[in-house]
Amino acid sequence: MLKCSLCIHDERTAKIDIIDGRPICRECQVYLKHPFNREKIREELDELMKTVEEAVLAYSGGKDSVVALYLAKEVYKIPELEAVMIDHGLMAEEAIENAERIARYLDVPFKILRYDYSDIFREALLKAQSPCRACSRRTMEKLRKYALRNGYRYIITGHELPFGHHPYRQMSGGITQIRLLSLMSEKERLEILGKLPFEFPQLPGYTTNCLVLGPALERYWEKHGHSFEHRRIAALVRYGLMSRERAEEELKRPHVPDEQKELVFKRLGLSL
Ligand SMILES: [Zn+2]
């Protein structure tokens with residue numbers, strides 16, 4: 001089976017061509033034709049952050065949003081910052097503890113808004129699909145409404161820049177989403193986490209906050225034989241933000257403890 005020589009795609013997950021004697025996937029080919037300018041993106045982000053006086057931080061209690069909170073508060077020193085967690089109903093207890101502890105440590109006001117995303121999770125598990133896109137879309141919409149109600153113009157998120165060329169995105173209602181971790185490497189993130197009282201939860205999959213991800217990955221694996229995060233992680237390897245070894249580790253078939261599976265299925269009213 002052909003494997004892309006630049007990222008971690010193989011023939012199961014992408015189309016691969018031989019270019020000058022090397023196997024290269026279609027996504028890497030597009031990137032080689034239109035590489036992005038790292039310095040420009042970084043400058044664009046710094047310029048934008050200088051103008052931000054008040055912002056909601058999309059705070060899931062997972063490692064990336066914790067790093068984003070640290071940067072917003074300690075590096076960019078945003079005067080008015082509020083960390084808002086959208087609890088989708090199946091957050092790991094450890095993530096809520098991490099979220100509270102770190103908001104307190106960084107002295108940032110913290111709020112949890114609780115919702116029920118069972119419909120999204122049930123459908124994902126029944127159809128062996130990723131719940132992540134629907135979940136994240138709904139969360140961003142809830143945060144957008146929260147920002148509008150409370151007079152914020154910016155939502156800062158712990159997203160990287162896997163696809164696209166700008167570290168921000170305009171949302172409706174004049175709200176701007178800022179992807180604060182654009183082009184930040186895994187190593188840089190871990191260094192920041194090391195300065196904070198962050199405790200790594202023992203959760204299957206690459207998540208540090210979600211109980212659904214493990215079971216959803218497992219279902220997807222059963223049906224497709226690989227992870228649904230392949231494309232995002234391949235992009236991180238392509239841009240040199242994650243090592244190949246680490247990526248392969250993250251994409252392994254997860255082992256989900258029985259208690260976690262039972263809890264998730266029971267809460268969603270599904271039988272195992
Ligand atoms: Zn590739």
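A residue is called buried here when its relative accessible area is under 20%, exposed when it is over 50%, and partly exposed in between (1.4 Å probe, protein chains only). By this rule, buried residues make up 53% of the 272 residues in the protein chain. The model is a predicted one, in which local features need pLDDT of at least 70 and side-chain atom pairs count only at pLDDT 80 or more, while totals for chains, interfaces and linings use all residues. Residues are numbered from 1 along each chain as its sequence is written, and side-chain values use heavy atoms, with hydrogens and water left out.

**The chain as a whole**

The protein chain holds 11 helices and 8 strands, where helices (H or I, at least four residues) and strands (E, at least two) are DSSP runs numbered from the N terminus. Its radius of gyration is 19 Å, which agrees with the value near 19 Å that a compact globule of 272 residues would have; the radius is taken over C-alpha atoms, and the globule rule is 2.2 Å times the number of residues to the power 0.38. Along the principal axes, the C-alpha atoms of the chain fill a box of roughly 55 × 50 × 35 Å.

Contact means heavy atoms within 4.5 Å, and among the contacts in the protein chain between residues at least 6 apart in sequence, 66% join residues at least 24 apart. The chain exposes about 13,700 Å², of which carbon and sulfur atoms supply 49%; such areas come from the Shrake-Rupley method with a 1.4 Å probe, and for residues only the protein chains shown count as cover.

**Tyr-168 and Arg-179**

Tyr-168 lies in strand β7 (residues 168–170), and Arg-179 is found in strand β8 (residues 176–179). The C-alpha atoms of these two residues, 11 residues apart along the chain, are separated by 5.7 Å. Tyr-168 counts as partly exposed because its relative accessibility is 28%, whereas Arg-179, with a relative accessible area of 17%, is buried.

Leaving aside neighbours within four places in sequence, Tyr-168 is in contact with Glu-44, Leu-48, Thr-176, Gln-177, Ile-178 and Arg-179.

Lys-50 has its place in helix α2 (residues 38–51), and a polar contact of 3.1 Å joins its side chain to that of Glu-47. The C-alpha atoms of Lys-50 and Tyr-70, 20 residues apart along the chain, are separated by 16 Å. Lys-77 lies in the loop between α3 (63–75) and β4 (80–87), and its phi is near 45 degrees, a positive value in a residue other than glycine. Asp-107 is found in the loop between α4 (93–106) and β5 (110–114), and its phi, near 60 degrees, is likewise a positive value in a residue other than glycine.

| Residue | Relative accessibility | Class |
|---|---|---|
| Lys-50 | 62% | exposed |
| Lys-77 | 57% | exposed |
| Asp-107 | 59% | exposed |

Technical notes
A polar contact is a pair of N or O atoms within 3.5 Å; within protein, one must be able to donate a hydrogen and the other to accept it, and residues adjacent in sequence count only if both atoms are side-chain atoms.
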